[in-house]
Amino acid sequence: MPKKIYYENAAKTIIKNLEKRQMKGFYVEDSKKALEKVLELVPENASVGWGGSSTLKDTGILQAMNDGPYIVYDRKKASTKEEQKDIYSKICGCDYYFTSTNAITLDGELVNIDCTGNRVAFLCFGPENVIVVTGMNKVVTDVAAGIERTKNFAAPPNAVRLKRNTPCAVTGRCGECKSPDCLCAQTVVTSFSPAPGRITVILVGEELGY
C-alpha cells in the first residue's frame with residue numbers, strides 16, 4: 001500500500017511537469033489499465049509502429065496492435081535489408097509510435113540511451129503521435145540519475161538478453177566501453193515537445209521492463 005500511494009503521488013508530480021513541457025501524462029495502476037488506455041487513445045485504422053521494448057510486450061500492447069484493426073509496421077517482419085528500410089520509412093510517418101523509456105525524472109524529462117538510435121530518432125521526430133509506456137520503477141530524481149540508472153541497471157541485463165559481448169554483461173556494471181557490441185551509443189534527453197501534445201506518457205504503477 002505505501003508503494004502504491006507513493007506511485008500515485010509521484011505520478012501526479014510528473015504529469016504536472018510533463019504538461020509544462022508540452023507533453024501529456026496519464027497514470028494507471030497496472031498493465032491491464034495501461035492496455036485499456038492505449039486502446040482508448042489509438043483509433044481504428046491508425047498506422048502504428050514501435051521500438052524494441054520489453055514493457056510493450058509484457059503489457060500486451062504489441063499483441064493488441066498486431067491483433068487489432070490497425071495498420072502495423074513491424075520491423076521484425078522484414079526478411080531483407082531493403083524490406084527493413086521500407087518499414088523504417090513507414091514508421092517515420094506513422095500515426096502512432098510506441099516506445100518505453102529508460103528513465104523519467106520527477107521533473108518530467110525522458111532519458112534514453114540507444115544503440116543504433118532508431119528508437120530515440122522516432123521519439124524525437126517523424127511519427128505524428130508518440131505514446132511512451134513506462135513502469136514507475138523507472139522514475140528518477142534527475143537526468144544524471146536517469147543516465148546512471150540506464151547504464152548500470154538497464155543496459156547490463158539487456159546486454160545479457162541480447163548476448164552482447166560487453167563488460168557490463170559480465171560485471172553487471174557499466175565499463176564505459178568502446179566494444180563493437182556497445183549498447184550505449186546514443187544518449188537523448190527529451191525535455192520539451194515542440195509539437196504540443198505529440199508525446200503522451202502512460203505511467204504504470206508496476207515494475208516493468210529494464
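**Values set against cut-offs**

Me: Why is asparagine 45 called exposed?
Reply: Asparagine 45 has a relative accessible area of 58%, and exposed means over 50%, buried under 20% and partly exposed in between (1.4 Å probe, protein chains only). The value is over the cut-off, so asparagine 45 counts as exposed. This is a predicted model, in which local features need pLDDT of at least 70 and side-chain atom pairs count only at pLDDT 80 or more, while totals for chains, interfaces and linings use all residues. Residues are numbered from 1 along each chain as its sequence is written, and side-chain values use heavy atoms, without hydrogens and water.

Me: Where is asparagine 45 found?
Reply: It is in the loop between α2 (31–41) and β2 (47–50); helices (H or I, at least four residues) and strands (E, at least two) are DSSP runs numbered from the N terminus. Asparagine 45 has a positive phi of about 70°, although it is not a glycine.

Me: What makes glutamine 22 partly exposed?
Reply: Its relative accessible area is 29%, which lies between the two cut-offs, so the middle class applies. Glutamine 22 sits in the loop between α1 (2–20) and β1 (24–28), and its phi is positive, about 65°, although it is not a glycine.

Me: Why does asparagine 118 count as buried?
Reply: Asparagine 118 has 16% relative accessibility, and the class takes values under 20%, so it is buried. It belongs to helix α6 (residues 118–124). Leaving aside neighbours within four places in sequence, asparagine 118 is in contact (heavy atoms within 4.5 Å) with Arg75, Tyr88 and Tyr97.

Me: Which accessibility classes do cysteine 94 and cysteine 115 fall into?
Reply: Cysteine 94 is buried, at 1% relative accessible area, whereas cysteine 115 is partly exposed, at 27%.

Me: How do you know whether the radius of gyration agrees or disagrees with that of a compact globule?
Reply: The radius is taken over C-alpha atoms, and the globule rule is 2.2 Å times the number of residues to the power 0.38. For 210 residues a compact globule would be near 17 Å, and the chain has 17 Å, so the two agree. Buried residues make up 46% of the 210 residues.
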